[in-house]
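Hi,

Could you take a look at the structure below when you have a moment?

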Amino acid sequence: MSDATLLVLASTLSTGLILGAIFALVAAGVTIVYGCVWLPNASNGQFFLLAALAAWSLVGVGWSSAAAIIGVLVLGIALSLLIEWVLVRRLYDVPDRNVAYFVVTLGLTQIMSGIFAMSWGLWSDQFTLPPLVDGITMIGPFPMTNNRITVLAIALVVLAVLFGALRYHPYGRALRAVFQNREAAALRGVNVRAIYRLSFLLGSSIIFLGGMLFALAYSFDLTVAWTMSVTAFAIMIVGGPGSVLGALVVGMVFGFTQAVVSIFASPTAATFSYLIAMLAMLLFRPSGLFTR
Amino acid sequence: MQHDIETNPAAAPWASVLHAGTAAVALGLCAGLFASGAQAQAGTPIKIGFNTELTGPWTFFGNSCVAGLKMASEEINKAGGVLGRPLEFVIVDNQTSPTQAVAASRNLDVNDKVVALSGPTNSDTALAIYGYAEQQKLPYLVPVAAFPQLTKPGTRYTFRIEPDAAGWGYSLARFIEERKPGARIAMMYSDAALMRAVVAGFKYQAPRSKLNIVADILFPQGSSDATVQAAQVRAANPDYVILMGAGAFDNVLNNQLLDLGVKPEQMIHPFAMTTMIFGWGQRSAGSIYGTFFDHGLDGLTREGKDFIARFDAANNRPPSYVENYCYNTPYIFREALQLAGSADREKLRDAFTRLKTREITSGIPIVFDKNGARKEYIYFMQIVSVDGKRTYKSKQIHYAEWDADDIPVYELVK
């Protein structure tokens, strides 16, 4: 196999892994909140963007990328608590609350979009975070930046920890119990409202982290919120609402689909290829691949 | 439930902040009106509708444009205005939406009774306003929009300051031909009207300049990764890579090519703004970009240097061609209104057709042809160094001029 072919193959693998891991992470955040609270958060793309922009601002005032990520995660938890307290918890007991949540978070999306346009939108048209780690590693003829390897590693570790915690930690098991049947979980002594709060915090924090990892791997602008929001919802629908395993598997499949279709068809076909998968899934298995 | 949210004491701090913010904005507006009133000349203002992108995807461009516009309009009014009257730009937000741009144009026309329209920094909104202006016979000076059809044959009321994008591609091919005859070229670009027009001009001229296109990769808008395509380009071993990404994707293309070992000297950006160069960073030193104004130009006028210094002081970055065109816009209106002798729409339109002036900042001639297009020109610059997010150094390596009808622009781009 020639070096040129190897270069293209390795780059396809790299793109599939990084995009897939970030997609999976964000979709996991979205699916935890939706599966548990039944909250289709239309503003998840704005949360993703907010974290990336906030980290960019902290770097702009002299913080390192690592410090900015930690700082934004702390601020993100505080913001999630505030939103949960002000908006989300008021709808916990409303019938058909998913519709109410969707409308409320659509409003939040509009407000956040306006704030972004009137602040960061005035300062630049493109944003990026400095690398966490410098240098490159040669994978055959393909030079992969250590920064992207680090981003990939962080995303995979967080996904693994998340998967393990949901499966084995008592809080994780309680969370999954609420996913499946909140009345039965309550009868078994699970504090359902506390679990709602926990899942909103956890899901939002994962989306915040996804935004910052994306900003480390790629440059971004204000339009990324919409792209990521659609992608995360698509992954959740195909994987099955509430299924972190579904988010992981389908996120990776979407990432690789984009990479492979972009090389064998075109980058244009790649952007909608996974949406066709989503439509097919809605037709033939509307509950998603990994729903029990 | 909405009622609960509105009346909830928890929401009160937010409401206070919102009220305080609204009050501050209102006070600011009042202060602005008071300040502009204090320096107004005798007579009613000559109103020009400035329909631009203050929100939406083009927010940065619209606001950058307005920053340049305000500097020049203040200078003009301090110097006595035009025809003994103040020049007032009624700035409205079209939200980067063609529909909204038409609605805003109608409002400016009917309610504000503006003598002319101007303002867009985006070809889509500019085209929407074009339709309105031509239909309503309203003079329309486009500061920043390069889509060729804005000055298609038969255009009467629209005049464009920025050279058309197909011409950029044409001149780029000729530039490369001079630097390396028979060069192998790779192209990576987003699927946007502007980029397609640049590529159309380049592909028209490339065979005539005996350039060999070895890769031609189009990305849809919203793309975030180009690693695979960058590897394909690297494998094709081009002499030059022409890259144009929409928004932040431009920086992604740049970085992924550099990551794969493409040298900065091989990379050509058909156009650049200051923030784009900041995004490319120091590792891009040596790469080439096209532009229509830059603080590194050889032929800046005294006014141009002064504009750069004051814009830099106010905005913490040097201006690029967007801000420059918007800075020149009030001066072009002043010249045309003086030539027209009145603020009559038809007379102003005729004055634009007869106008022979220069960009105040660079001395480049401004003469509109029968379709409202300008004599085309472009600079090619090379990045010397990039100092973080504050400034950069560049050197002028090429300047070209040509007539808009040197290439079949309106056939190349429909």
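Let's start with helix 2 of chain A: 14 of its 17 residues are buried, so the rest of the structure largely encloses this helix. Buried means that 20 or more other C-beta atoms, placed from the backbone, lie within 10 Å of a residue's own; helices (H or I, at least four residues) and strands (E, at least two) are DSSP runs, numbered from the N terminus.

Before going on: this is a predicted model, where local features need pLDDT of at least 70 and side-chain atom pairs count only at pLDDT 80 or more, while totals for chains, interfaces and linings use all residues. Residues are numbered from 1 along each chain as its sequence is written, and chains are lettered from A and ligands numbered from 1 in the order in which they are written.

Just past helix 2 of chain A, Gly62(A) has a positive phi of about 110 degrees.

Now the interface. Chain B puts 39 residues in contact with 41 residues of chain A (contact: C-beta atoms, placed from the backbone, within 7 Å). Helix 8 of chain B gives the largest share of chain B's side, seven residues.

Chain B also has an open sheet of five strands, in the order 2-1-3-4-5 with parallel pairing (strands pair if DSSP finds at least two bridges between them). Its edges are strand 2 (87-93) and strand 5 (158-160), each pairing on one side only. Strand 4 (residues 140-142) of chain B joins strand 5 of chain B over three bridges, and Tyr140(B) sits opposite Thr158(B).

Cheers

Terms used:
Buried ≥ 20, exposed ≤ 12 C-beta atoms within 10 Å, placed from the backbone. Contact = placed C-beta atoms within 7 Å.
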